Amino acid sequence: MISLNGSRPDYGIVVHCHLRWGFVWQRPQHILSRLSQHHPVLFVEPWAHLPEGETQPRMEVETVSPALSVARPLLARHTGDPAADARVDAANYRCWHDGLSDLVRQRAWPNLVHWFYDPMAAEARHLFSPAAVVYDCMDELANFKGAPAEIKDREAALMAASDVVFAGGPSMYQARKGRHPNLHQFNSGVDVEHFRRALDPGTPVPADVSGLPRPLLLYYGVIDERMGWGNLAAVAEAHPEWSLVL
């Protein structure tokens, strides 16, 4: 847990993440679900468009547990008319800013910590007079397909405002070494309690896997453009008797 001014006072954590809470259970969910056992957490997802037919932006809130809530900004779509879209942008910003402010005010936390995964949310770093700012760099998001051009500048501003920076692996640590005085390599790991259940004979094997020919080569993780698709295809073609499951 974070120490504030040499003590451990009560504080809530506002998390700004580029991932949706219910998408893939990975680093943010592992860490924040455990932190929520000690501190209340408000997890702010990236914005999404309103359902078709709706025009009034709103902040949707989901209660995951008594100590962990997910805020989901649902924003209006552009119309194609520049003047109208300027009004849409203003309304969307008010929804995000005022909605988040209301949620924080309702919680009446004596102290607040901003915890960032998303550098694009860096402008929120000064909101609500935080007692501390944390940047947990879990991925080189600037290298992702379609990454915003300004993401590196946003990360630099976020790091300058952060009290502590965690790097999710050796390469990310080395890339930021010397750029922050309180930088720590905080490697991702394995949820041993979860995966050791595979050794329990009573654990059921999913039906869509149980009948596949052996050997079975299993990959568990995020599936995106960074995977070695050519290598996987070559293995599958060289050994059609094997089963590759992603």
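Author: What follows starts with the ring pairs and then turns to a surface patch and some charged pairs.

This is a predicted model, where local features need pLDDT of at least 70, side-chain atom pairs count only at pLDDT 80 or more, and totals for chains, interfaces and linings use all residues. Residues are numbered from 1 along each chain as its sequence is written, and side-chain values use heavy atoms, with hydrogens and water left out.

The structure holds 6 aromatic pairs. Rings of Phe, Tyr and Trp (its six-membered ring) pair if their centres lie within 6.5 Å; planes under 30 degrees apart are stacked, over 60 edge-to-face, and the rest tilted. W115 and F166 make a tilted pair, with 6.0 Å between centres and 40° between the planes. This pair joins distant parts of the chain. W115 lies in strand β6 (residues 112–116), F166 in strand β8 (residues 164–167), 51 residues apart. Strands (E, at least two residues) and helices (H or I, at least four) are DSSP runs, numbered from the N terminus.

Both W115 and F166 are buried. Buried means under 20% relative accessible area, exposed over 50%, partly exposed in between (1.4 Å probe, protein chains only).

F166 also pairs with F186. Here the geometry is edge-to-face: 5.2 Å centre to centre, 70° between the planes. F186 sits in the loop between β9 (183–185) and α5, 20 residues from F166. F166 has a relative accessible area of 16%, so F166 is buried. F186 reaches 33%, so F186 counts as partly exposed.

F186 has a charged neighbour too. R27 lies over the face of F186, 4.9 Å from the ring centre. The rule asks for NZ of Lys or CZ of Arg within 6 Å of the ring centre and within 35 degrees of the ring normal. Elsewhere, ring pairs link W21, W25 and F43 into a cluster.

Now the surface. V190, V192, F195 and Y220 form a nonpolar patch with about 440 Å² of accessible area together. Patch residues have over 30% relative accessible area and no salt bridge, and nonpolar side chains are joined within 5 Å. V192 belongs to helix α5 (residues 192–195). V192 is partly exposed, at 48%.

Last, a charged pair. E193 forms a salt bridge with R196, with 2.7 Å between the closest N and O atoms. The cut-off is a Lys or Arg side-chain nitrogen within 4 Å of an Asp or Glu carboxyl oxygen. E193 is exposed at 55%, while R196 is partly exposed at 46%.

Key
Patch = residues over 30% accessible without salt bridge, like charges linked within 9 Å, V, L, I, M, F, W, Y side chains within 5 Å. Areas by Shrake-Rupley, 256 points an atom, 1.4 Å probe, with all protein chains shown as cover.
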